Amino acid sequence: MTGGPMRVVQFRQTGVPAEVLETSQAAVPSPGLGEVRVRMLAAPINPSDLMFVRGHYTLKASVPAVPGFEGTGVVEDSGGGLRGRLFRGKRVVVLSSNGGTWGEQLVLPSTRIVPIPQTLSDEQAATFFVNPATAWVMTQEVLRIPRGQWLVQTAAGSALGRMIVRLGRHLGFRTLSVVRRQQTAAELRALGGDAVHVHDDTASDPQELSAALRGIAGPDGVRYAIDAVGGSTGTGVVLSLGRGGRMLAFGTLSGQPLSFSPRTLMTVGSQVEGFWLGHFMEQQGLVFRLRLVRRLIRLIRAGVLSSEIAGSWPLDQVHEAVAAAEDSGTAGKCLLRLDTT
């Protein structure tokens with residue numbers, strides 16, 4: 001250890017974030033060989049972070065734990081290695097596979113940081129990877145949606161959903177967005193969404209959603225879809241898939257499973273696949289990663305994959321920040337300000 005103290009947000013047991021999160025002090029850690037220590041500047045509150053706190057995320061927390069899988073900061077110390085020495089003093093994007101970005105200092109492998117140009121604000125640097133990379137990779141690297149084709153997306157009022165609407169406008173694929181509120185539908189139409197369907201999963205069944213989607217995309221069904229909800233909403237999207245249709249399941253916001261007969265897929269040869277950005281990136285080489293970073297920077301600068309920022313809060317106001325992030329009426333990302341210098 002290098003001493004301390006530093007401030008972190010942590011939880012000692014999983015549960016409702018506003019109830020279990022606390023701000024506390026910890027000793028500043030020293031980086032080992034191949035690691036760097038980053039003085040954090042800002043970190044977003046992503047759905048994956050809140051699921052981690054609740055104990056619902058794929059990665060299970062070993063409590064006490066510090067949330068946060070992405071953010072931005074400045075490399076202040078290195079445990080050795082070329083990357084650590086090269087990036088010392090530089091602002092970087094932090095991509096932590098084990099959490100920890102909701103604190104003033106973080107030690108992680110030097111392979112988990114990416115230098116970021118000063119032309120991007122701290123807010124855009126903090127939200128640089130998870131949403132922009134997910135939007136690009138799902139639509140262009142995995143599904144490879146052609147121009148003019150429909151993409152159905154659920155939870156479309158989220159920051160990621162709005163980003164995909166803008167990306168569709170930019171690249172020429174059409175977005176059919178499923179949302180729960182009329183106000184959100186109006187906002188997405190104003191943003192350039194090609195079609196928006198309001199679906200109340202508590203009052204209608206999957207068959208009704210499927211019929212509505214086919215009514216927009218065409219009677220042959222949907223070719224491309226992404227689902228972050230699961231439950232009856234995700235099931236309705238599965239039922240809407242046409243011949244050769246593909247759906248990526250990348251979230252479980254409803255907490256409920258998909259429910260359909262195997263014949264739903266068999267009769268039209270459709271597919272439902274799981275997607276997790278971390279697993280995808282682990283399979284990619286350095287050349288792909290560098291090319292992806294350059295592409296994301298260009299699209300963020302152009303406003304296509306930039307993140308809307310709802311506001312930022314200091315660490316000691318983490319409860320207010322989490323409440324805003326979990327409020328469905330909040331448009332944009334909520335950030336934690338971590339720099340106290």
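Visitor: Which strand does Thr 72 lie in?

Guide: Thr 72 lies in strand 4, residues 70–78. Strands here are DSSP runs of E with at least two residues, numbered from the N terminus. The model is predicted, so local features need pLDDT of at least 70 and side-chain atom pairs count only at pLDDT 80 or more, while totals for chains, interfaces and linings use all residues. Residues are numbered from 1 along each chain as its sequence is written, and side-chain values use heavy atoms, with hydrogens and water left out.

Visitor: Why is Thr 72 called buried?

Guide: Its relative accessible area is 0%. Buried means under 20% (1.4 Å probe, protein chains only), so Thr 72 is buried.

Visitor: What does the side chain of Thr 72 reach at 2.8 Å?

Guide: The side chain reaches the backbone oxygen of Val 92. A polar contact is a pair of N or O atoms within 3.5 Å; within protein, one must be able to donate a hydrogen and the other to accept it, and residues adjacent in sequence count only if both atoms are side-chain atoms.

Visitor: Which residues is Thr 72 in contact with, leaving aside neighbours within four places in sequence?

Guide: Among them are Met 40, Leu 41, Val 92 and Asp 122. Contact means heavy atoms within 4.5 Å.

Visitor: What makes strand 3 and strand 4 a pair?

Guide: Two strands pair if DSSP finds at least two bridges between them. Strand 3 and strand 4 have 6, in the antiparallel sense, so they pair. Val 36 stands opposite Ser 78 in strand 4.

Conventions
Helices (H or I, at least four residues) and strands (E, at least two) are DSSP runs, numbered from the N terminus. Buried means under 20% relative accessible area, exposed over 50%, partly exposed in between (1.4 Å probe, protein chains only).
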